[in-house]
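Hi everyone, thanks for making time for this. I'd like to walk you through one structure, so please have it open as we go.

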Amino acid sequence: MKNIDSAFRYVRTFSAAFILSCASLSGFIIYKCYRLIGSYESKVYILANGKAFEALAAERQDNIAVEAKDHVKTFHEYFFTLDPDNKVIEMNISKALYLADVSAKRQYENLKENGYYTNIIAGNISQQINVDSVYIDLKQYPIYFKCYATEKIIRLTSIVLRSLITEGYLRSVSRSENNSHGFLIERWETLENKDVKTENR
């Protein structure tokens, strides 16, 4: 009887330990599966030119400075990259105006009234811009920025380099096809736009 009782206790202890270890193992496997699924859900694959590239999803707050700087750079490239073709000018300005408020439209209309775009077409002038740096102040909202750039104006007989400094504020808006960063430039103004160097062609 003593042997039967001790054997029963041994089997009961062994069974309890076995069930507990199985439950722990199952819990660990479930936990690992959820972690694995979560990591796969945070990955995005982009197909470009027949090749798949992996992109990682992240909170917007993690990349806000990068996106804000790229938004400012993109706006200036659209607004100041001009060729002696009315359709190209209108297309670039149209893209730029999606990224800014009425302050940019006001500057565009002033330039248009002063015959700036007409002179570019008539003189076969091309204008390019290189954004050197963008300062962003994330401590305030709307986000303040200052953009430092160099304009290159290519004329028939000369190339003029101009220093351009602008400032404004960035307000968060909904992302769209025309505004992928989800920012809107407000109170945009030019602080400096002066000739630095002239080269003969």
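**Charges, sheet and rings**

Let me start with one side chain: E186 is buried, with a relative accessible area of 14%. For that label, buried means under 20% relative accessible area, exposed means over 50%, and partly exposed lies in between, using a 1.4 Å probe and protein chains only.

Before going further, a word on what we are looking at. This is a predicted model, so to speak of a local feature we need pLDDT of at least 70, and side-chain atom pairs count only at pLDDT 80 or more, while totals for chains, interfaces and linings use all residues. Residues are numbered from 1 along each chain as its sequence is written, and side-chain values use heavy atoms, with hydrogens and water left out.

Now, which residue forms a salt bridge with E186? The partner is R171, and the closest N and O atoms are 2.6 Å apart. By salt bridge I mean a side-chain nitrogen of Lys or Arg within 4 Å of a carboxyl oxygen of Asp or Glu. This pair links distant parts of the chain, with R171 in strand 5 and E186 in strand 6, 15 residues apart. Helices here are DSSP runs of H or I with at least four residues, strands are runs of E with at least two, and the numbering starts at the N terminus. While E186 is buried, R171 is partly exposed at 31% relative accessibility.

A search of the whole structure finds six salt bridges. Another of them joins D195 to R162, with the closest N and O atoms 2.1 Å apart. Here too, distant parts of the chain are linked: D195 is in strand 6 and R162 in strand 5, 33 residues apart. D195 is partly exposed at 46% relative accessible area, whereas R162 is buried at 18%. The side chains of E199 and K197 also meet in a salt bridge, at 3.3 Å from N to O. Both ends are partly exposed: E199 has a relative accessible area of 32%, and K197 has 45%.

Next, the sheet. Strands of a sheet pair through backbone hydrogen bonds, either parallel or antiparallel. Ours is an open sheet of four strands in the order 3-4-5-6, with antiparallel pairing; two strands pair if DSSP finds at least two bridges between them. Why is one side of strand 3 and of strand 6 left without a neighbour in the sheet? Strand 3 (126–137) and strand 6 (183–200) stand at the edges with a single partner strand each, so one side of each has no neighbour there. The twist averages 15° from one strand to the next, with axes fitted to C-alpha atoms, for helices over the stretch in contact, and angles running from 0 to 180 degrees between N-to-C directions.

Let's cross the sheet in order. Strand 3 and strand 4 pair over 11 bridges, with Q127 opposite I153 in strand 4, and a hairpin of five residues joins the two strands. Strand 4 and strand 5 pair over 12 bridges; T150 faces S163 in strand 5, and the hairpin between these strands runs through three residues. Finally, 14 bridges join strand 5 (residues 158–172) to strand 6, where L170 stands opposite I185. Helix 2 (residues 64–80) packs on the sheet, touching strand 3, strand 4 (143–154), strand 5 and strand 6, and its direction makes about 55° with that of strand 6. Contact means heavy atoms within 4.5 Å.

Last topic: rings. The structure holds 10 aromatic pairs. Rings of Phe, Tyr and Trp (its six-membered ring) pair if their centres lie within 6.5 Å; planes under 30 degrees apart count as stacked, over 60 as edge-to-face and the rest as tilted. F14 and F18 have ring centres 6.4 Å apart and planes at 15°, so they are stacked. Being four residues apart in helix 1 (residues 2–41), these two are separated by about one helical turn. Y116 and Y117, by contrast, are edge-to-face, because their planes are at 85°, with centres 5.7 Å apart. Y116 is partly exposed at 29%, and Y117 is buried at 6%. Ring pairs also link F75, F79, F80 and W188 into a cluster.
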